[in-house]
Amino acid sequence: MKTELRTALRIGLLGGLVASHICLVGMLETFAKRNLIGDYLSMGYLLLLTLFLFVGYKATQVAQKAATGLLCAIIAGGITGASLSDLVFLTQNFQLREIFAHASPALVKLLTLGQSKSLGLLIPIVSGISWSLFGGFFALLPKLWRRVLLNTLLLTLLLGLLRDILNSLLPGDFGKTLFTSSGLTYIGAGSSLFCGGILIWAFLTYREQQKLKPETSESRNSPLQKLLFSLLILFLLTFPLWSKSFLSNVADSVGLYIIMGLGLNLVVGFAGMLDLGFVAFYAIGAYTMAVLTSPSGIFHFSFWQALPFSMLIAMSGGIILGLPILRMRGDYLAIATLGFGEIIRILVISDFLKPYLGGAQGITNIGKPEIAQFTFKNPEHFYYLILIGCLIAWFIASRLKKSRLGRAWMAIREDEDVAQAMGINRVTTKLTAFAIGALFGGLSGAIFASMVDSVVPKSFDLLISINVLALIIVGGIGSLPGVLVGAVVLVGLPELLREFQEYRLLVYGAVLVTMMLYRPEGLWPEVTLQHILHKTAQPEFPVRPLPTPEKK
Amino acid sequence: MLTLNAIHSYYGQIHALKGVSFTVEKGEIVTLIGSNGAGKTTTLNTISGLIKPRSGEILFEGQRIDNLAPHEIAKRGISQSPEGRKIFGRMTVRENLEMGAFNRKDQAGIRHDLAQILELFPRLRERFNQSGGTLSGGEQQMLAIGRALMSRPRILTLDEPSMGLAPILVAQIFKIICDINQQGTTILLIEQNAQMALSIATRGYVLETGQIVLQGPAKDLLASPQVRKAYLGG
């Protein structure tokens with residue numbers, strides 16, 4: 001009991017710290033401007049609410065008995081709420097604003113729901129306790145219900161967040177009943193909770209039953225999966241037709257990051273070589289395209305003529321980088337590749353190459369792809385080009401993963417010395433990883449250059465390398481679907497939530513830290529890694545009978 | 001079959017092997033015993049090409065191999081079960097074994113050998129689709145040996161197969177080593193457990209601070225007062 005109370009105290013204080021932080025950096029105010037459900041639940045309140053629920057959930061989880069657990073939740077939630085009340089009190093009575101610019105009357109109004117002084121102070125505490133109590137009840141639910149509830153809530157929030165995409169899908173009147181100008185209406189939220197809940201419940205129970213059945217080839221390609229798959233394809237193919245130009249733009253950058261991610265995944269995920277300079281190949285691809293097609297240059301190639309060169313030159317870049325660092329491992333490798341990325345950027349911006357690469361001004365008027373009479377001009381057109389690029393990259397990556405070369409990469413990743421002793425050629429194996437990875441980077445860069453019509457050194461800074469690496473890790477290192485998920489989450493979502501640009505890196509950092517603590521294997525991990533990281537037993541697979549050796 | 005001639009190897013500045021010479025004949029089990037830091041693993045890594053000797057030569061079936069890259073040496077039929085197992089943790093048992101046959105093209109032969117190895121180590125059959133990292137120490141050792149055998153080596157080198165295993169498992173592993181040898185594979189066995197190693201070996205060498213100090217038929221070494229005093233506790 002004593003230790004449980006102590007834990008509850010700790011969780012409450014931590015929660016209070018986080019809550020105050022969210023308020024003082026101004027996140028609450030900014031996020032409160034966007035309403036997700038009706039005009040009551042804003043994203044700002046959602047932040048605090050989630051925090052309260054989580055505090056309650058965690059506090060209950062550590063306790064042995066249900067009653068103690070709920071008591072812990074009340075204590076923890078109360079403390080978290082009280083620290084917000086404290087914040088309100090301090091803001092009202094002292095000049096907190098001189099230090100914290102965001103400790104404003106507007107913040108107080110948000111936290112007290114506009115109530116008068118004394119009643120207002122009570123409001124954070126009361127809501128903290130009640131929401132934490134909900135979190136506590138949530139922790140006590142059976143696992144299936146917990147998952148249904150959690151997924152339904154997430155689905156509803158996602159629908160609210162993706163309002164722009166979804167609303168453009170629906171006919172006007174129908175859209176108006178479900179969506180407000182920034183999120184869901186109450187009817188929309190209610191129907192999402194209801195229908196989503198039923199669907200998710202059905203899906204989860206269905207999957208549980210499937211798990212019990214022995215796995216057959218039929219169950220892998222069930223009609224449901226086929227249906228979902230066809231819907232996905234239909235969605236992808238028609239996306240630019242019904243969405244706004246802005247959304248195609250977002251989809252384009254997600255696609256470019258997917259191609260890069262698939263490339264870097266070969267190097268980092270499969271072959272286990274940490275490459276922090278991947279942007280170099282993206283830049284090489286983009287600049288090659290620019291130099292070869294720009295009318296100010298001397299080549300005047302068309303897009304299609306220049307594309308293979310962009311990829312090949314990027315690939316040579318990969319080999320040139322690969323050669324000197326073959327012997328390096330781990331940290332040293334990371335630093336060396338980091339240097340390579342910077343070298344390319346500095347070369348591009350240098351006076352020395354200015355006559356050819358345009359220095360800081362870069363190169364403009366880059367060739368557009370043409371097929372017969374049709375020219376790819378706007379984001380909607382490029383969407384299809386990028387989609388094809390993604391599919392090709394995906395196909396190559398998935399084939400490579402199962403190939404002999406893929407096996408060799410994984411062996412090198414696991415243990416370089418042993419891999420060599422198994423007869424794997426370290427030099428060629430590592431170089432092909434760098435080369436093919438760079439090829440993908442070059443492809444992505446070439447399309448990017450043509451799409452935005454100009455290349456400037458500023459577009460190729462270190463942040464791109466970090467982004468690509470982060471999306472691989474968040475998605476699940478070494479996993480191909482993970483790259484897609486990672487790109488959508490780390491590239492797509494931030495683009496959709498543009499109004500919160502100034503907090504983007506803060507949220508980004510928080511997401512990465514949380515992910516590494518609670519789900520280090522990524523959102524869509526490779527199966528083996530998941531079992532190793534969580535020390536869970538692997539499901540027993542039926543062992544296929546092997547031929548017994550013939551007796552000699 | 002395998003001959004080391006006055007091999008000198010260095011770890012950076014450290015002179016680890018100071019003129020090591022020995023031979024392994026076809027069909028033998030030869031053991032190299034010695035205490036920690038004597039240079040046993042260095043010797044093995046020099047043979048497999050992971051460390052390049054500064055001087056001396058290594059001959060395998062009459063040809064020099066000391067200037068070849070590790071994967072070339074592996075292709076010639078020298079297979080290693082490394083110290084501390086070092087299996088591929090994120091690959092399944094099956095994939096680990098298949099990695100052992102990386103340079104073989106004869107699919108039928110690979111299937112045959114796979115089946116035979118699973119016969120030799122029934123535990124591996126039970127764990128066939130589990131990732132290597134989840135196996136116990138003994139199972140990992142079996143996997144390392146099995147993986148080395150999958151290349152159908154002419155000579156199998158084993159680096160401390162008894163390390164960290166319970167006595168009953170050690171006995172089991174050593175019995176399997178004898179079986180493998182009887183099926184025609186030459187074995188170079190590196191061990192700290194001198195008693196066990198010498199009891200199954202044909203000949204033995206004693207390595208001390210990078211030099212061979214004693215050699216002879218395993219039986220004689222087992223009886224030698226010098227060995228008894230240093231390695232077998234009197």
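**View 1. Domain 1 of chain A facing domain 2 of chain A.** In this predicted model, the C-alpha centres of domain 1 and domain 2 of chain A sit 26 Å apart. Chain A is split into domain 1 (1-140), domain 2 (143-211) and domain 3 (244-462), with bounds that come from an automatic or database domain assignment. On the domain 1 side, 12 residues are in contact with 14 residues of domain 2 of chain A, contact meaning heavy atoms within 4.5 Å. Together the two domains bury about 1100 Å², and carbon and sulfur atoms give 65% of that area; buried area here is the accessible area (1.4 Å probe) that two parts lose on being put together, summed over both. Look for Leu36(A), Ile37(A) and Phe138(A): of the domain 1 residues, these lose the most area to domain 2 of chain A, together 49% of what that side buries.

**View 2. What the domain 1 side is made of, and its polar pairs.** There are zero salt bridges between domain 1 and domain 2 of chain A, a salt bridge being a side-chain nitrogen of Lys or Arg within 4 Å of a carboxyl oxygen of Asp or Glu. Five residue pairs (both at pLDDT 80 or more) do make polar contacts between these two domains. A polar contact is a pair of N or O atoms within 3.5 Å; within protein, one must be able to donate a hydrogen and the other to accept it, and residues adjacent in sequence count only if both atoms are side-chain atoms. β1 (35-37), α3 (43-62) and α6 (117-140) of chain A each bring at least two residues to the side of domain 1 that touches domain 2. Helices (H or I, at least four residues) and strands (E, at least two) are DSSP runs, numbered from the N terminus. That side of domain 1 of chain A divides into eight nonpolar, two polar and two charged residues, where Ala, Val, Leu, Ile, Met, Phe, Trp, Tyr, Cys and Pro count as nonpolar, Asp, Glu, Lys and Arg as charged, and the others, Gly among them, as polar.

**View 3. Chain B against chain A.** Here 33 residues of chain B meet 34 residues of chain A. The two chains bury about 3300 Å² between them, with 59% of it on carbon and sulfur atoms. Phe88(B), Arg90(B) and Phe102(B) account for 23% of the area that chain B buries against chain A, more than any other three residues.

View 4. In one salt bridge, the side chains of Glu98(B) and Arg407(A) come together at 3.1 Å, N to O. On the chain B side, α2 (70-75), α3 (93-100), α4 (107-120) and α5 (122-126) each supply at least two residues, and α4(B) has the largest share with seven residues. Sorted by type, the side of chain B that touches chain A comes out at 12 nonpolar, 11 polar and 10 charged residues.

**View 5. The Glu416(A)–Arg426(A) salt bridge.** Over all chains the tally is 23 salt bridges, and this view shows the one between the side chains of Glu416(A) and Arg426(A), at 3.7 Å, N to O. Glu416(A) belongs to helix α20 (residues 416-421) of chain A and Arg426(A) to helix α21 (residues 426-452) of chain A, so the pair ties together parts 10 residues apart in sequence. Both Glu416(A) and Arg426(A) are buried, buried meaning under 20% relative accessible area, exposed over 50%, and partly exposed in between (1.4 Å probe, protein chains only).

View 6. In chain A, the side chains of Glu521(A) and Arg519(A) pair up at 3.9 Å, N to O. Glu521(A) is buried at 2% relative accessible area, while Arg519(A) is partly exposed at 30% relative accessibility. In chain B, the side chains of Arg64(B) and Asp66(B) form a salt bridge at 2.7 Å, N to O. Arg64(B) is partly exposed at 41% relative accessibility, whereas Asp66(B), at 10%, counts as buried.

**View 7. Helix α1 of chain B.** Helix α1 (residues 40-47) of chain B is mostly covered, with seven of its eight residues buried. Among them are Lys40(B), Leu44(B) and Ile47(B). Just after α1(B), Gly49(B) has a positive phi of about 90°.

**Notes for all views.** Residues are numbered from 1 along each chain as its sequence is written, and chains are lettered from A and ligands numbered from 1 in the order in which they are written. In this predicted model, local features need pLDDT of at least 70, side-chain atom pairs count only at pLDDT 80 or more, and totals for chains, interfaces and linings use all residues, while side-chain values use heavy atoms, with hydrogens and water left out.
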